[in-house]
Amino acid sequence: MLEQIIEILKDINPDNDYENETGLIDNKLLDSFDIVTLVGELNDAFDITITVVDLVPENFNSAAAMAALVEKLQNQ
Amino acid sequence: MTGYESVSLITHTYYYRMNLLSFEFAAFFAALVLIYWLLPHKARKWVLLAASIAFYLCSGPKYIAYIAAATLVSYFCAIGCHRTNSSFAAVSKELKKTLSPEEFKARQKKSHRRASLFVGLALGTDLGILAVVKYLDFILQNSWSLIDPSFPGLKLIMPLGLSYFTFAAVGYVIDVSRSKYEPERDFAKFALYMTYFPQMLQGPIPRFDFMGTQFDSEKKFEWQSFSDGLRLILWGAFKMLVIANSVAPLSDIVKNFGTSSSSMTTIGGAQIWLSMIAWGVNLYTSFSGGIDIAEGVSECLGIRMAENFRRPYFATDLTDYWNRWHISLSEWLKDYVFYPLALSKRFSRFSKFLKTKFGKFIAKTVPVGLLSLLLFTLVGIWHGANWGEILFGVFNGVIILISTLLEPVFVKIRKPLKMDSLFIWRLFRSLRTFVIITLTRVVSHSASVSYAWKFYLAMFTYPGLDIFGEWAKNEAAAGTTFIKYLPAVIGIAALFCVSLIEEKSESHSLRAILADKPVLRIALEILCLVSIVVFGSYGIGFVQSSFIYSNY
């Protein structure tokens with residue numbers, strides 16, 4: 001799952017080191033354009049529904065955090 | 001006029017308002033602080049609520065009906081929505097086992113619909129009050145006046161803090177409906193969240209999950225926090241009294257040109273530029289100064305409010321500027337308008353359609369760019385029910401949309417030249433952003449949109465090199481010398497230095513920087529206080545130009 005998320009991220013914005021970066025939101029490496037596209041891609045790829053409540057920096061600061069969010073939503 | 005009468009920009013009708021920089025407020029605040037900290041923890045919430053209602057009553061007793069209606073409806077509807085959602089959630093597992101998938105979906109839909117009714121009733125009431133009081137007159141003036149040109153308008157008076165308590169209520173109800181947190185059962189605490197007096201004049205727009213817990217938490221009087229609050233009040237007063245009010249006559253050149261308040265008959269491009277730059281300084285120092293005072297007052301009561309400004313004139317582009325200016329409004333619009341629309345299924349389908357037809361870049365930028373345009377139009381509408389403010393929002397949205405679409409081209413130019421790491425490029429970007437925001441403000445600051453077009457033309461075609469022009473001659477005739485503006489110039493230089501130090505430091509806070517330098521801190525405090533006493537602009541002019549955002 002993590003690899004797939006990193007692929008999606010690279011496709012949206014190839015400029016970041018998604019394997020190691022843990023401050024994608026805090027360090028403003030992803031903007032609102034990226035986030036909206038990313039949510040759409042994650043929803044489609046993993047058959048989940050990310051809502052506005054899930055849009056907190058902790059869920060999007062790293063690829064690993066996104067993977068944890070996807071897993072949580074899949075188990076709901 | 002007495003110390004706390006002010007003029008409503010919307011209705012041109014006089015009404016009372018307790019100004020945070022008046023002796024009346026100082027007495028009110030001193031008494032409140034004393035009672036608040038002397039009484040036990042359990043009584044403090046009630047003291048704050050009583051003080052907030054008393055503060056509100058000063059703006060006119062009858063206007064309390066609006067905030068009371070918004071508070072009551074939002075309180076009960078949030079509870080109703082939560083009860084509907086939780087009673088369905090409690091039986092949903094059981095229902096899933098006993099009902100067919102279609103029957104289960106129908107029950108779920110019914111429950112959602114019921115919860116939505118509560119949300120709809122609350123939002124309808126809250127936004128309905130805002131729409132009627134703030135915008136109905138504007139709509140009627142623009143429609144009914146076509147049939148009857150003598151239509152005078154409704155001249156409704158805006159209740160104090162209308163936009164702030166409306167947005168506070170709407171945010172709370174939506175958060176509860178999203179199950180972000182449970183509804184507040186303690187009515188006094190919720191009423192305090194809605195009416196909390198420091199946020200009533202200029203915001204920041206509060207969030208319940210941030211403020212509510214602070215009203216409840218047990219606090220002990222701490223001199224450090226109290227004195228930090230006083231220092232913030234001092235800094236805010238410095239910004240307002242030494243800078244904002246001193247530059248107000250300059251910024252009023254554009255605002256008053258063509259109205260009965262101005263005797264000027266000609267105006268050149270250089271004067272318009274000067275006046276608009278002064279307006280940028282005036283707007284920032286009066287708004288952020290007012291927020292500093294409100295936050296300082298709140299901090300003296302042990303309650304921290306959200307940050308509303310982050311040195312906006314250091315922004316490198318317009319998006320960055322809006323992330324630093326009136327942050328609580330930008331964040332509110334993002335959370336309750338932008339993201340709900342951007343994450344909706346319809347929006348997602350639109351993006352996918354664009355992706356298949358025009359490729360990834362268009363699919364990513366066009367829909368979000370259009371939403372940004374909508375968002376900035378709303379920012380304009382929020383600022384005021386007139387075409388100048390609406391166009392100000394639209395201009396900002398269009399510029400952001402165009403710059404986003406052209407970003408790949410800019411990147412191609414910047415990257416090989418390694419411009420992003422150059423100081424001169426960073427400086428240029430900040431200056432460029434300041435110029436752009438100054439230009440977009442012309443339309444909202446002019447007496448009418450038709451004047452704004454003429455100003456734009458003059459700014460680029462008719463320099464009028466006598467920079468102070470007819471205005472300076474009038475000032476000289478009235479016996480005013482330019483020495484009057486020297487404190488403002490020194491004040492702006494001091495504000496710039498403080499902002500630069502904060503921007504460059506790791507903590508981004510002068511408070512943290514001065515924490516271990518008590519001698520320097522006391523010296524600066526004395527300097528600040530002396531400047532306010534010696535150079536501060538008071539009087540009628542002060543009252544009229546202060547708390548610019550209090551009519552929103």
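Biologist: Which residues does B:Ser328 touch, not counting residues up to four places away in sequence?

Modeller: B:Ser328 touches B:Gly203, B:Pro204, B:Ile205, B:Ala306 and B:Asn308. Two residues are in contact if their C-beta atoms, placed from the backbone, lie within 7 Å. This is a predicted model: local features need pLDDT of at least 70, side-chain atom pairs count only at pLDDT 80 or more, and totals for chains, interfaces and linings use all residues. Residues are numbered from 1 along each chain as its sequence is written, while chains are lettered from A and ligands numbered from 1 in the order in which they are written.

Biologist: Where is B:Ser328 found?

Modeller: In helix α11 (residues 327–342) of chain B. Helices are DSSP runs (H or I, at least four residues), as are strands (E, at least two), numbered from the N terminus.

Biologist: Is B:Ser328 buried or exposed?

Modeller: B:Ser328 is buried, because 21 other C-beta atoms lie within 10 Å. The cut-offs: buried is 20 or more other C-beta atoms within 10 Å of the residue's own, exposed is 12 or fewer, and partly exposed is in between, with C-beta atoms placed from the backbone.

Biologist: New topic. Which residues of helix α6 of chain B are buried?

Modeller: B:Phe190, B:Ala191, B:Leu192, B:Tyr193, B:Met194 and B:Thr195. Their cover includes α2 (41–57), α3 (64–98), α5 (162–177) and α7 (208–216) of chain B.

Biologist: What does B:Met194 touch?

Modeller: Leaving out residues up to four places away in sequence, B:Met194 touches B:Ile67, B:Ala70, B:Thr71, B:Phe165, B:Ala168 and B:Ala169.

Biologist: And how many residues has the largest nonpolar core?

Modeller: 133 residues. B:Ala168, B:Val173 and B:Met194 have the most contacts inside this core. Helix α8 (residues 223–256) of chain B gives the most to the core, 15 residues. A nonpolar core is a set of buried Ala, Val, Leu, Ile, Met, Phe, Trp, Tyr and Cys residues joined through C-beta atoms within 7 Å.

Biologist: How is chain B divided into domains?

Modeller: Into domain 1 (5–220), domain 2 (222–305 + 479–552) and domain 3 (313–445). The bounds come from an automatic or database domain assignment. The contact between domain 2 and domain 3 of chain B takes 10 residues from domain 2 and 8 residues from domain 3. On the domain 2 side, α9(B) gives the largest share, 5 residues.

Biologist: Last one. What is the mean pLDDT of chain A?

Modeller: The mean is 90, and 100% of the residues of chain A reach 70 or more. pLDDT is the predictor's confidence in each residue, from 0 to 100.
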